[in-house]
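Subject: Structure handover

Hello,

Here is the structure I promised to pass on. Please open it alongside this note.

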Amino acid sequence: MDARLAGIGMLLSLAASTMAVSAEAPPVARTVDVVDHPFGMNLPDPYRWMEGKDNAEFQAWLKAQGEYTRRQLDGLPGSASWRDRLQVISQKLALQVSPATAAGRLFYLQIEGATSGKLMLREPDGTQRLLLDPATTQGGKGPSGIASYAPSPDGKRVAVNLDQGGSEITRIRVLDVEHGGWLPDEVGPVWSEMRASWLPDSSGFTYTQMAQPSDQAQDDPMQDMRVRLHRLGDKQDVDVVLVSRATGGIPLDAREMPLADVQQDGPWALMEIGGARAESRWCYARRDDLLRGSAAWRCPVDYADNVHEVALHGDTLYLMSMKDHPNGRMLALDLRSGPSKLAQAREVLAESGDAVLSHMRASRDALYAKRMTGGIDGFQRIDYTTGHATPIALPFAGSADSFATDARDDGFVTTLDGWIKPWTLLRYRPNASSMQDVTPHASGAIDFSDLTVTEVEATSRDGARVPLTIIHRKDAVPDHQNRSIVEAYGGYGISMQPFYSPRRLQWVKGGGVYAIAHVRGGGDKGDAWHRAGQGANKGNSVNDLIASAEALNQLGYSSPERTAIFGQSFGGLLMGNAIAQSPQSFGAAVIGVGMLNPVRLLEQRNGANQIAETGDPRTADGLRTLLAMDAYQRIRPGVAYPAVLLMVGLNDSRVEPWETGKFAARLRAASSETRPVWIRTDANAGHMTSTVASSVAESVDMYAFLDAQLPGRAEVASEP
C-alpha cells in the first residue's frame, strides 16, 4: 500500500474511532481547541476540523450522519403515506417553463412525471416535438439535467448547459435542431446560469469560462472567470479569450464575473460584470472590434449607479436603475454619442409609487417592462418612437417568472402562475387582441379548489410592516391547532412571488398551513426593502421572520410549538439565526443547503462572490457584520432548541456542506433538549435537487419529519 492510501486509511480509522455510531444516536463529532481573535474578537470554532477540500474525516462523518438520518426518516410513521401522496402528484405534474424564441420557433422546458426538464420545440404552425431528454445523456457524476439553454438566432441549433448531479458546474454542448443529435462542439466548465450568447449569423457564440484548477484564486473556481469566443467546429483549446483579468481592456477584480451579450440587431456588444449581487457594472464596445480582439470598452455604469438590468435596441441602451428611485425607473443612453456617465441618460419610464420595476426586454417592435405590485406582475409595452407605455392585460393575477424576447421578432413569451394556479405558457403579439395561451396541455389535473390564500402583514420589532402570504384550506379553523410552515429567503433583492408548487399545496390539503414571509433583504417592496435587510441590516430579516411566525399564531392559524420554519441557501442564514435568537418561537426548523457559518466565508468555494451582499471578513466592520449573522457562532449551551432537519447535496458548488456539519454538531452538543438534529444527505444533488423525483423525496422527508415533531391534528388528507 502506498503512503497516500495508507494515510487515508489511518484517517478513516480515526474518523470511525471518534464517532459513536448506533441505531439510537447519530455519530458524535470530536472537538478541537481552536479560538480565533481577529480584530480583537473572540471566535471559538470547536469543529474547525470539518473544513477543507477532500477532507476524508469529515466526509466519513457526514456519510455516517446521512445513513443514520436515512434510517430515522424511513422509520417515521408518516413517511410511507407522504411518499404515496407525493408520487401520485409528481406523476400528474406537467409544467412548461423557461421559454425562448428564435426565428419564429418557441422553445421551452417541460417538467413532467418524475423527470427533470425536457427541451421541447413548438413550430410556428403549432406542431410540437421533443428535442432533448437529458435523462438519455450519460457522463459525469449523477443524473444529467438542463441547467439553461440558448437557441441560435436562426433557430437551427441550441447551446445547452448540461450538469450532472445538480453540481451547477456545466459544460455547453450544441444540439442540432434540424437533424437531432449533438454536434461535436463542447466547451466548459461554465457556471449553470451563464448561457451562450450567439453571434448574429449563428456561426458561434461567446461564453464565460470558469477558472481552470491551475488558475484558481484561493482554490475557488468562481473567481477569475474569462469570456471566450467559440466558432462552431473548433476545439475549445483554440477559442480566443476576449475578456479576462490578464487581457486587460476592462479592469476586473478576481471575484467579478464577466458575461458578454452580442447584439443581434445592431453593431454593439455588452459586457455585464457582477456576481452574487443585485446591481452590476456595464460596458459596451463595437461588436466587430470585440470579435477581432481589439475592443475599446466604455463603461458608463458602475455599481454605485444601482443598475439591475439593461436592454439594447439599435444604438440605444436601456437601463433599469434603482439609484435614488427604489421602485426603479427606466433610462436610455445613445451609444453613438459615447457617454461616460449615467447622468447623461434620459428617462424613459418614471418610477411608480406602488409598483416595482423588476425586468425589461427589447423586442423588434417595442420595449417591454414588467412591474410587480404586491407580488403580482403586470406588463407594459413601451413604443420606441413615442415612449408611450401601454398596459398589457394578463389572463389572471400571478407571477410571470420567465420573460423572453427575440430582437428579430415582435412581442414576447412568458409563463404565468399563482400560489394555487398552475403554470400557463403565454405569447404576446402586438397585433393580437389578447395574449395567446400556448400551453400544450393541461398543467396537471390536480384539484386545489378547496384551498385559498390570505394576504396579511406582520409588524416587525422596529414597526416595519412585513407582507405575509398564508395558504390554507377554506375550512381551516383558527384554533391554534394547525401545523404550519413559514418559509423565507431574504437576500440579493429576490422577491418571493406567487409560485405554483403542488408539493407545497399537498401539505395544505393535508390540513397544514403554509406561509411565505416576505422579509427585508428581498425585493418584494423594491430596492429599499432589499437594502434594509442587507449586510449590517440582516438582523431586520431575522426579526421579520420571527414576527411573521408570531402573526400566524396571533391570527389563530398555529401556535409556537406547532410552527416550523423553512429556508434554503441564503434563507438558511435566516433559519439558523431565528432559532438561535428565539428558539421558543418554533417547534422545528428545516434548513436546506444553508449558509450557517459566514465568518468563514473566504475558506470556501464561492465565498468571495458573496461579499457584496454579506460583508468582507478581511475588515473589522465586515467581520462584525458577518459575526452578527453567523448562526454557528450564536449557539449557546443549555438552551432548549427546536428539532432541526438539515439537508445537503453532496455536489453543492455554492455552499460547502461543512457549514451544515459544523452547525449541526454544535447545536446538538449545546441543546438542553434531546430533540433531533439530523442531517439528510443526497449524493445526486447539488445546491438544489436536480430532478422531480429527488425534489419529491426531499418533500416526503421534510413533511414526515414535521409530522413527527409538531403536535397537531391527526388528520387524514383528502385524496390528491
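Below is what turned up, starting with the sheet and ending with the pocket.

Keep in mind that this is a predicted model.

The sheet: 8 strands make up an open sheet with mixed pairing. Their order is S31-S32-S34-S33-S35-S36-S37-S38. The edges are strand S31 (451-459) and strand S38 (677-682). Each has a single partner strand, so one side of each is left without a neighbour in the sheet. From one strand to the next, the twist averages 20°.

Opposite Val486 stands Ala515 in S34.

Helix H8 (residues 570-581) touches strand S35 (563-568), strand S36 (588-592) and strand S37 (643-649). The direction of H8 makes about 145° with that of S35. Helix H12 (residues 657-670) packs on the sheet too, touching S36, S37 and S38. The direction of H12 makes about 160° with that of S38.

The pocket: the largest pocket has a volume of about 940 Å³. It is lined by 32 residues. Closest to its centre are Lys53, Asp54, Arg605, Asp652 and Glu656. Helix H2 (56-74) and H12 are the elements that give two or more residues to this lining. H2 supplies the largest share, 5 residues. By class, the lining has 12 nonpolar, 11 polar and 9 charged residues.

Best regards

Terms used:
Residues are numbered from 1 along each chain as its sequence is written. This is a predicted model: local features need pLDDT of at least 70, side-chain atom pairs count only at pLDDT 80 or more; totals for chains, interfaces and linings use all residues. Side-chain values use heavy atoms; hydrogens and water are left out. Two strands pair if DSSP finds at least two bridges between them. Helices (H or I, at least four residues) and strands (E, at least two) are DSSP runs, numbered from the N terminus. Axes are lines fitted to C-alpha atoms, for helices over the stretch in contact, and angles run from 0 to 180 degrees between N-to-C directions. Contact means heavy atoms within 4.5 Å. On a 1 Å grid over the protein atoms alone, a cavity is a set of points where a 1.4 Å probe fits but cannot get out, and a pocket is an open set with protein on both sides within 12 Å along at least five of seven lines; lining residues have an atom within 4 Å of a point. Grid points are joined across faces, edges and corners, and a volume is the space filled by probe spheres set on the points. Ala, Val, Leu, Ile, Met, Phe, Trp, Tyr, Cys and Pro count as nonpolar, Asp, Glu, Lys and Arg as charged, and the others, Gly among them, as polar.
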